[in-house]
Amino acid sequence: MKYLICSDIHGSFAATQKLVKHFNELACDYMVILGDTLYFGPRNPFPEEYVPAKVAELLNSLSDKVIAVRGNCDSEVDQFVLDFPMLSDYVLIIDEGRRLFITHGHVYSPEKMPKLGKNDFFFFGHTHIRTLETHNGITICNPGSASMPKDNMPPAFAIYESGQISWYDL
């Protein structure tokens, strides 16, 4: 399976359009959203083209291919407009015998990880900072933010396929 993994869209229609374009061009099987899908939060500036209703409409067109978790800016109200579940704090995907732990990063984080084994993957968002490192055989990955990256990085996402992670800039 080929997964496009993104985080922290924060209601940016421009970022969502680019993600969907890459999703289709790269022939991905699933889009994994690591939380903070529609709302930008009270401390953040408006992201580019903040139109959460259009983001929901575009993501709903792929609802059978979206795997999503709840971020700290997501709420039950968001679930009413999305056709895919997104209120869980984590999702566990088994891919070719590897566990992919999918979370936003505000409940589980690299500092507070679940019990995982060697060759497993821990994907999180929340910080808006790209991260890719290995600790005790566990790969830890944050794809950065699709709409409001930090550390002077460009908006980005990751592709996971067969135990390999690749970075892509939006």
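A pocket is an open set of points on a 1 Å grid over the protein atoms alone, with protein on both sides within 12 Å along at least five of seven lines, and its lining residues have an atom within 4 Å of a point. The structure shown in these views is a predicted model, in which local features need pLDDT of at least 70, side-chain atom pairs count only at pLDDT 80 or more, and totals for chains, interfaces and linings use all residues. Residues are numbered from 1 along each chain as its sequence is written, and side-chain values use heavy atoms, with hydrogens and water left out.

**View A. The largest pocket and its lining.** The largest pocket has a volume of about 190 Å³, a volume being the space filled by 1.4 Å probe spheres set on grid points that are joined across faces, edges and corners. Its lining comprises 15 residues, and those nearest the pocket centre are Arg43, Asn44, Asn72, His126 and His128. Sorted by class, the lining holds three nonpolar, eight polar and four charged residues. In this scheme Ala, Val, Leu, Ile, Met, Phe, Trp, Tyr, Cys and Pro are nonpolar, Asp, Glu, Lys and Arg are charged, and the others, Gly among them, are polar.

**View B. Two residues with positive phi.** Histidine 126, in the loop between β6 and β7, has a positive phi of about 75° although it is not a glycine. Strands (E, at least two residues) and helices (H or I, at least four) are DSSP runs numbered from the N terminus. Histidine 126 is partly exposed because its relative accessibility is 27%; buried means under 20% relative accessible area, exposed over 50%, and partly exposed in between (1.4 Å probe, protein chains only). Aspartate 36 lies in the loop between β2 (30-33) and α2 (52-60), and its phi is near 55°, also positive in a residue other than glycine. With a relative accessibility of 2%, aspartate 36 is buried.

**View C. The salt bridge of arginine 99 and aspartate 120.** The whole structure contains five salt bridges, each defined as a side-chain nitrogen of Lys or Arg within 4 Å of a carboxyl oxygen of Asp or Glu. In the bridge between arginine 99 and aspartate 120, the closest N and O atoms are 2.7 Å apart. This pair links distant parts of the chain, 21 residues apart: arginine 99 is in strand β5 (residues 98-103), and aspartate 120 is in the loop between β5 and β6 (121-123). Arginine 99 is partly exposed at 29% relative accessibility, whereas aspartate 120 is buried at 5%.

**View D. The salt bridge of arginine 130 and aspartate 169.** The side chains of arginine 130 and aspartate 169 form a salt bridge with an N to O distance of 2.1 Å. Arginine 130, in the loop between β6 and β7 (131-135), and aspartate 169, in strand β10 (residues 164-169), are 39 residues apart, so that the pair links distant parts of the chain. Aspartate 169 is partly exposed, with a relative accessible area of 44%.

**View E. The salt bridge of arginine 98 and glutamate 96.** Arginine 98 pairs with glutamate 96 in a salt bridge whose closest N and O atoms are 3.3 Å apart. Arginine 98 is partly exposed at 22% relative accessible area, while glutamate 96 is exposed at 52%.

**View F. Alanine 158 in its strand.** Alanine 158 is located in strand β9 (residues 156-161) and is buried, at 0% relative accessibility. Asparagine 24 is 134 residues from alanine 158 in sequence and 14 Å away in space, C-alpha to C-alpha.
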